[in-house]
Amino acid sequence: MKTHLAIPRPLVTVVIAAIAVVLLLAPSAFAQAPADIQKAVDAAYAKYKDLKEGKNADYIPALAKVDPNLFGIAVVTADGKVYSAGDLKTEVSIQSISKVFTAAQVIQEQGLESIEKQIGVDATGARFNSIIAIEGVKMVAGAGAPEMNPLVNPGAISATSMVKGATADAVWSKIIGTHNDFAGRPLTVLQDVYKSESDSNQRNQAIGALMLAYGYIKSNWQQAVDLYTRQCSIGVNAKDLATMAATLAFGGKNPVTGKQVMNADKVPGVLAIMATAGLYDDSGKWLYRTGLPAKSGVGGGIIAVSPGRFGIAVIAPPLDDAGNSVKAQNAIADISNALGGNPYKPPAK
Ligand code: DON
């Protein structure tokens, strides 16, 4: 015979309430209070707003015309909340930050080894558009993989050439689709930037041709250079970029839309190439200063990822000699420091 234990209703309510309180107070991977996050963002904005160091890129004429005072900061956390200061609306061209997401597309579609074998995942230590770096490339003994990186131009053009598709349009729809999924909204190409860069990208054409000559691009280098130029001209604002960074911070799941954009087990490979080459020849200095995998673009944006904690992005066009936004580097370093974002540091007790 079954016996039924009658649990008084008030007791059930008390137990449920107690569990809820315990869950709310449980330490999370990132236990910053919202007010502290906003305070760190506001402090960095106020500190760097009037900094005049650096200069807009001008080797792509359209970039020289962008307002040098544009300054926007956004941080996106696991719950999809956006903390921001400054200009969140104005779009700049994504430029080299797109290299991360096209590489992610190839990794997602063809596996981590595809990039490692055909391009390589080492730092080149050279400028982003170095031709000498292609000449100087060594084959890794035994492995047959070149020592390049998909986040500098030769490797990036090669990564674009690896995206599968029967036509240029088919390849493009995958590239823009991946960028849209990471940003959580449909993005468009800034046509003035695309035209300006297409008219002035002879150096990248030389890189594409040389990569074909040396067998690092298998075919159709002209299509790869054109699609690469198009992906660099995608318009993004600070919130888009921070959402893209946050999607990488949370295992490939966009915290704003909830969509799983890439497999979680493939994300660490993407973060690794950001750590080795995200800020070009200054990547080592950046990692030493912040510990954050990051990526810059000559449009003035930088994204950075604190895995499991937050994604952050800053847009501010004036660049330093290495091609990285001066204000963005300073603001991200300060905010991450205030929030305990360095993944090499144990969390504060
Ligand atoms: O290939 C180029 O020159 C540009 N489309 C992208 C360069 C870039 O953003 C380098 N960034 N720091």
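How do the residues lining the second largest cavity divide into nonpolar, polar and charged? I come back to that below.

**Ground rules.** I am working with a predicted model, where local features need pLDDT of at least 70, side-chain atom pairs count only at pLDDT 80 or more, and totals for chains, interfaces and linings use all residues. Residues are numbered from 1 along each chain as its sequence is written, and side-chain values use heavy atoms, with hydrogens and water left out.

**Cavities.** I searched the whole structure and found two cavities of 30 Å³ or more. A cavity here is a set of points, on a 1 Å grid over the protein atoms alone, where a 1.4 Å probe fits but cannot get out; lining residues have an atom within 4 Å of a point. Points are joined across faces, edges and corners, and a volume is the space filled by probe spheres set on them.

**Second largest cavity.** I noted a volume of about 50 Å³. Its lining includes Thr124, Arg127, Met148 and Pro154. To settle my opening question, five of the lining residues are nonpolar, two polar and one charged. Ala, Val, Leu, Ile, Met, Phe, Trp, Tyr, Cys and Pro count as nonpolar, Asp, Glu, Lys and Arg as charged, and the others, Gly among them, as polar.

**Largest cavity.** I read about 60 Å³ for this one. The ligand takes this space, meaning that more than half of its atoms lie within 2 Å of the grid points. Among the lining residues I see Lys99, Phe128, Asn153 and Cys232.

**Ligand.** I counted 14 residues around the ligand, with Tyr59, Gln95, Ser96, Glu197 and Tyr228 the closest; the cut-off is a heavy atom within 4 Å. By class, this shell has six nonpolar, seven polar and one charged residues. I then checked a ligand oxygen, which is 2.6 Å from a side-chain N or O atom of serine 96. A ligand nitrogen is 3.1 Å from a side-chain N or O atom of tyrosine 280.

Note on methods. 1 Å grid on protein atoms, 1.4 Å probe; cavity = no way out; pocket = protein on both sides within 12 Å on 5 of 7 lines; lining within 4 Å. Polar contact = N/O pair within 3.5 Å; in protein donor to acceptor, adjacent residues only side chain to side chain.
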